[in-house]
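Q: I would like a close look at one part of this model, namely a charged pair of side chains, followed by its setting in the rest of the chain. Please proceed step by step.
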Amino acid sequence: RFHLGQKGRPRRLPMTPSEQRGSLAALRQLRHSLPLLCLALALLVLTRLAQQRDSLHLPSAPSAAVQRRLALPPTVARAFELVAAQERARLAESARVDARPQEPWKVGATFQAVGVSLPLAPPIIKHDPALGDGEGDKNIVGLQLLGKGGRRCVVYGMGIAWESNFEQQMAREGCETHAFDCTVDPASPVVAGKAFAFHNWCIGDGGSEFNRGNNYLRGRSAEGLSFKTLSETMRLLGHDAIDVLKFDIEGFEWNLFETTLLSAKILPAQLSFELHTEGANAGAVQPRKVAGKSFEAVNALFLQLFDLGYRVVAKELNPGDQFCCEFVLVNVGRA
């Protein structure tokens, strides 16, 4: 309240008790509201700055959490190591001469001793192994990261026949994807005009062994078909590493393991394959290719792979043939 004093200048009158109480209440309310007002102002400023940054196409700085490399707590790391050690011990026991499944009456007993030695779950892997279809939908680790952020990703797919869904998917994910099959015509719609590169050769051994009883030749001769080793293929294509090596080659994988993968100097980061064993459908798998490849041989193979740094992350039995099983392994020794 004001009144005119000497020389007409306004002078403030003393506040009445009720006015004093009202002013104190207003100050208290302002004190409580001030943080919210500051926060609102800060948000407004940040919004305006973000809008200006977007208009200039400036990248936002990564947070400290993004910059910091993930480190597993020691307890978690030890828990993973314990699971892996237990699985290796089971493989070693089951790879002995004359070893037999503990429950031979169960479906898929041939693969009974091969367990998941690196237990992961979606979204780290693509789907829950208990619910998925490993043959039609490979359970790759870190699929959402492959080929992203300018990182080079190289995928090899061996064995196409009449289905190239995996190769198409990996190409869509941004990976440089190459498919190999000497039994497929390059003009076939399964490979022609696709996002991946198709090469009309097989990786591995050829000759009479490949020709004899091979249903995928569809009555044709193996004469004139092209075969190359894995190292030769990588050299021709200019690759020094493979992120994912997928193969579904109907029993020929045993030879691939023995002649190439178990002695390779540079190991693929991930292996995705169907393992065919003795007793598999003879219409798709040549019995001579899997003769003697049963419980003991399966465990001996996975024991060797374990000692090379591979851990099983997915195991999915073929629903149409209990002597075939899909696996995905990741190499924990490779960054």
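What kind of interaction do the side chains of E93 and R96 form where they meet, and what is the N to O distance?

A: In this predicted model, the side chains of E93 and R96 form a salt bridge, with an N to O distance of 2.9 Å. Side chains of opposite charge can pair when their charged atoms come close. E93 has a relative accessible area of 46% and is therefore partly exposed. R96 is likewise classed as partly exposed, its relative accessibility being 44%.

Two others may be set beside it. K138 and E326 form a salt bridge through their side chains, at 3.2 Å from N to O. This pair links distant parts of the chain, since K138 sits in the loop between α3 and β3 while E326 belongs to strand β11 (residues 324–331), 188 residues apart. K138 is buried, and E326 is buried as well.

A polar atom of the Q112 side chain lies 3.2 Å from the backbone nitrogen of Q102. Setting aside residues up to four places away in sequence, Q112 touches R90, P101, Q102, E103, K106, F295 and K315.

K315 is also among the contacts of F327, as are F111, V114, L271, S272, F273, L275, F302, V312 and A314, when neighbours within four places in sequence are left out. The largest nonpolar core has 38 residues, and those that touch the most other members are F247, L275, F302 and F327. Helix α8 (residues 295–307) contributes the most to this core, giving five residues. Another core, of nine residues, lies apart from it and includes L143, L146, V155 and M170.

Within α6 (residues 230–237), the buried residues are L230, T233 and M234. Viewed down the helix axis, the buried residues of α6 fall within an arc of 100°, so they line one face of the helix. The face turned away from that buried side carries the exposed residues R235 and L236. The cover over the buried residues of α6 includes β3 (154–158), β4 (176–180), β6 (201–203), β7 (226–228) and β8 (244–247). After α6 comes G238, with a positive phi near 75°.

A word on confidence is in order. The protein has a mean pLDDT of 81, with 72% of its residues at 70 or more. Among the elements, α8 has the highest mean pLDDT (98) and strand β1 (residues 2–4) the lowest (45). Over residues 33–62 pLDDT stays under 50, and the model has four contacts beyond four places in sequence for that stretch. Where pLDDT is low, the predicted coordinates should not be read in detail.

Technical notes. Residues are numbered from 1 along each chain as its sequence is written. This is a predicted model: local features need pLDDT of at least 70, side-chain atom pairs count only at pLDDT 80 or more; totals for chains, interfaces and linings use all residues. Side-chain values use heavy atoms; hydrogens and water are left out. Buried means under 20% relative accessible area, exposed over 50%, partly exposed in between (1.4 Å probe, protein chains only). Helices (H or I, at least four residues) and strands (E, at least two) are DSSP runs, numbered from the N terminus. The arc is that of the directions from the helix axis to the C-beta atoms. Contact means heavy atoms within 4.5 Å. A nonpolar core is a set of buried Ala, Val, Leu, Ile, Met, Phe, Trp, Tyr and Cys residues joined through side-chain atoms within 4.5 Å. pLDDT is the predictor's confidence in each residue, from 0 to 100. A polar contact is a pair of N or O atoms within 3.5 Å; within protein, one must be able to donate a hydrogen and the other to accept it, and residues adjacent in sequence count only if both atoms are side-chain atoms. A salt bridge is a side-chain nitrogen of Lys or Arg within 4 Å of a carboxyl oxygen of Asp or Glu.
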